[in-house]
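Student: Before we discuss the packing, could you show me the sequence and the structure?

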Amino acid sequence: MATQSSRATARLMVAPSVILLFIWMIVPLAMTIWFSVRIYRLLSPERSGWAGVRNYTWFFNSPDFWMAINNTLLLVGGVLAITIILGVLIALLIDQPVWGQGPLRILVISPFFIMPPVAAMIWKNLFMHPQNGLFAAVSRAFGTEPILFLQNYPMSSIVFITAWEWLPFATLILLTALQSLSSEQLEAAEMDGASALSRFRYITLPHMTRAITVVILIQTIFLLGIFGEIFTTTQGGPGSASTTLPYMIYKQALIAKDIGRAAAGGIIAVILANIVAFFLMRSMGKHLDA
Amino acid sequence: MARSVSTRRKLFFTVAAWSVALLIFFPVLWTILTSFKTEASAVASPPELLGADWTLQNYSDVWARSDYPRFFMNSVIISIGSTLLGLLIAIPAAWSMAFVPGNKTKDLLMWMLSTKMMPAAAVLIPMYLIFQKTGLFDTRTGLVLALMLMNLPVIIWMLYTYFKEIPGEILEAARMDGASLKNEVLYILTPMAIPGIASTMLLNIILAWNEAFWTITLTTVNAAPLSAFIASFSAPQGLFYAKLSAASTMAIAPILIMGWFGQKQLVRGLTFGAVK
Amino acid sequence: MNMTLRALLGATALLTLAGLASAETTITVATVNNGDMVRMQGLMDDFYAKNPDIKVEWVTLEENVLRQNVTTDIATGGGQYDVMTIGTYEVPIWGKQGWLASLNDLPADYDAADILPAIAGGLTVDGNLLAAPFYGESSMVMYRKDLMEAAGLTMPDAPTWADIEAAAKAMTNRDAEINGICLRGKAGWGENMAFLTAMSNSFGARWFDENWVAQFDQPEWKATLDFYLNLMTNYGPAGASNNGFNENLTLFQQGKCGMWIDATVAASFVTGKDSTVADKVGFALAPDNGLGKRGNWLWAWSLAIPKSSQKQEAAKAFINWATNKDYLALVASKEGWANVPPGTRTSLYANPEYAKVPFAKMTLDSINSADPTKPTVKPVPYVGVQFVAIPEFAGMATSVGELFSAALAGQKTADEALAEAQTLVADEMTSAGYTK
């Protein structure tokens, strides 16, 4: 279909992005690989030298490691499930003709405007706080003991907060996809007597597949790196109940100041993220081209 | 179809949609309300609403304590600058991947996304050293570049998706008519792609506006945006929720207003696109 | 170099003569967003009046973020900051690396001899004062006089842990949402571990023996943790494993705590305008167990100049202004004596005006009863009361803090937490080369 010259032009158009991203990726990556095999403690510069694979084995031997991997997947999976399901439903809902569509949409995407550390602080202190939070007040109004969200359900609470932050992202992309759906097709189906559910199942949902795939892939990449919300709400605790791999790395880099270990953790995280991405692409990549 | 039925239907959806929207918006609303309370009232239990001590003190405190306009300007420059620069680089790339796909296109897309896989904390020192050595530390240029590159994969992905929605037949027809590549992009693709570009732009400005790790780590004074402004109000000694809420409201108000206008643009673009 | 300098000076003189520009030096000061530092930023007119040729740019950040940024800067020789606000933990470690400029040559009116000896000791390395204290703090018991009275008890000025437990038991009233005692439970070396390490000193425990062997398997730590968990489980607030300084401050100000053992600087907050119990608060020394050590810590937020700064003179002028006796008088004249940065100077506590502040004496006594060079009952190889001044401490103590926080949340027993802490600390010390 495309001619030789348009292929050449196409390559030229992709080149700036590829070159820039390559430099942006390779320089820090090379430094990180270097640091990961070195002893590099920020506050003890006199103790430097080769670490071999010790920085890597530290992670694998850490009692928190498998728990952290598990929590990372739980966070990604949980947030994806909530944001996709609710995102589709909300996108369908606000795509209907309603009064005040403009302001309505702003309200729906408003959580995305809040800086993540602030969002976490708001939820922790103004809602989930066991004495002063709004949820505690509601519990007491019903005569029950306040739920200790961050102490007893730390992972679920973090998933909930993060899902609230990312719901608008999913909704907005899905809504945009929904609006390119031709209404004639739906009306024709309605004429033919197709139920609302089957119209959704056979027309709307297939139309949104690509958008859903994109939301899943982009969000997965963002969610795999989350640590700010955890630091603000639970510090990975109690114990290590809500510690994820990025949070383990964060602790090594910024609290223990062990740059070598943090670098090794980074490399492990990149490898794991690539594995996750590989499976996602295998199972859903076909939806990207249509 | 009877008109009354459609009105009833509209009423039902209006109520349902607004309920959901208000539920989602409630924490933001609560933050804004908290920003007008005294510190003691902000943490009162049970939470106070009607009987609360309302005050504007938090805003005047926050305003007096820091140079808000400077943080604000930096946020505007960094988020808009990085988004525009990103679009400039991403539009050609997304265009060519969407309309002249090769057998490696999907791998390329995935690779681009994979540049975001390194957890931020793991590359803290490398990034810090790179920015120091290149003289980009604490400069707006440095942050524009960093945030542009950070979000470039997302911009390309979103544009790619939206471009894919544009039916290829239209392009074929244009080509038959002898339109040059430049004209094809300029007069046929771009208008059809406006809604997608607008929504990409909006989301990326927000992503850049909200970035709160690198913008704090790689700046001190000159380039520090609102994320650093927020960090100067969170968790000090003593009560701070009302002041933090005021600072947060000041940080989100501009982008909320921008989103409002952006949304109108978006809706207009979308309806235009739907006419096709 | 010298030539350039002279040429520059010449040029500056010419410019000044021509009245075209003044030789203004801009210094960047990194500071935490605590109340006393924020107040200082409002008093800068005084500094500019005395130093018209220096301009100060502030980088004000919350504690954790500030610590990340300044540590990264100084360890990589970034040179972005001319003055850094750092604590007693950082000073000896950074000083040993030679990263900080000596402040021994501050002007005579600075009067370094006036600094409280306990505070100055923690900021001096090899005879060089490396950071000037901006405010100092220890920890003490803050309690509700009205609740104690209602329970028919009186709080001794120097209570034992048994007194504390009895008082906590008597004041707890779950129906009225009053918890007998509020203590830190949030994991972190500067959060629950600051409290627990200081507390363990009074139980005769220590982090390491003389050979850097971890001591969490010793009965003293077991006694400390058991006592703490018992207190908090029976008389503490729900969800305490997430409570740090600020959370407890809020609870105390709302009247939900009978007692709170924490930083002495909290005194001005619990008696301040946001507090609902301002006129009902009493103060006592941190508790002991009759072993000769009390469970109180010692900390000073201090101003230091990194050697990488190019503007040493201007930075010194600023530090001299901010930590001088004159600055205390300036704050007193504008905001009253109760708002003066506490805990740094002997002369402040000799001032009869300051003695009227309700928490003045107890703060001084608490600071004086802490000895960072001999923090524990048994001998130790380290300096620091609520911390161990080695670079590895922050990471290790945060991990240990998580274990203890899990024990508080009921997810581990005290024995499990201590056993895991012992393994973790011993491994770290071996990998850091302290032990074989």
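Student: In which hand does helix 3 of chain A pass helix 10 of chain A?

Tutor: This is a predicted model, in which local features need pLDDT of at least 70, side-chain atom pairs count only at pLDDT 80 or more, and totals for chains, interfaces and linings use all residues. Residues are numbered from 1 along each chain as its sequence is written, while chains are lettered from A and ligands numbered from 1 in the order in which they are written. Helices here are DSSP runs (H or I, at least four residues) numbered from the N terminus, and a crossing is left-handed if the near helix is turned anticlockwise from the far one by less than a right angle, and right-handed if clockwise. By that convention, the crossing of helix 3 and helix 10 of chain A is right-handed.

Student: How many nonpolar residues does the contact of helix 3 of chain A with helix 10 of chain A have?

Tutor: Residues are in contact if their C-beta atoms, placed from the backbone, lie within 7 Å, and those meeting here include Leu75(A) and Val79(A) from helix 3 of chain A and Ile212(A) and Ile216(A) from helix 10 of chain A. Ala, Val, Leu, Ile, Met, Phe, Trp, Tyr, Cys and Pro count as nonpolar, Asp, Glu, Lys and Arg as charged, and the others, Gly among them, as polar. The contact has no charged residues, 3 polar ones and, as the number asked for, 11 nonpolar.

Student: Which element gives the most to the side of chain A that touches chain C?

Tutor: The contact draws 27 residues from chain A and 28 residues from chain C. Two elements of chain A give two or more residues to that side, helix 7 (149-152) and helix 12 (245-255). With 3 residues, the element that gives the most is helix 12 of chain A.

Definitions and conventions: Contact = placed C-beta atoms within 7 Å.
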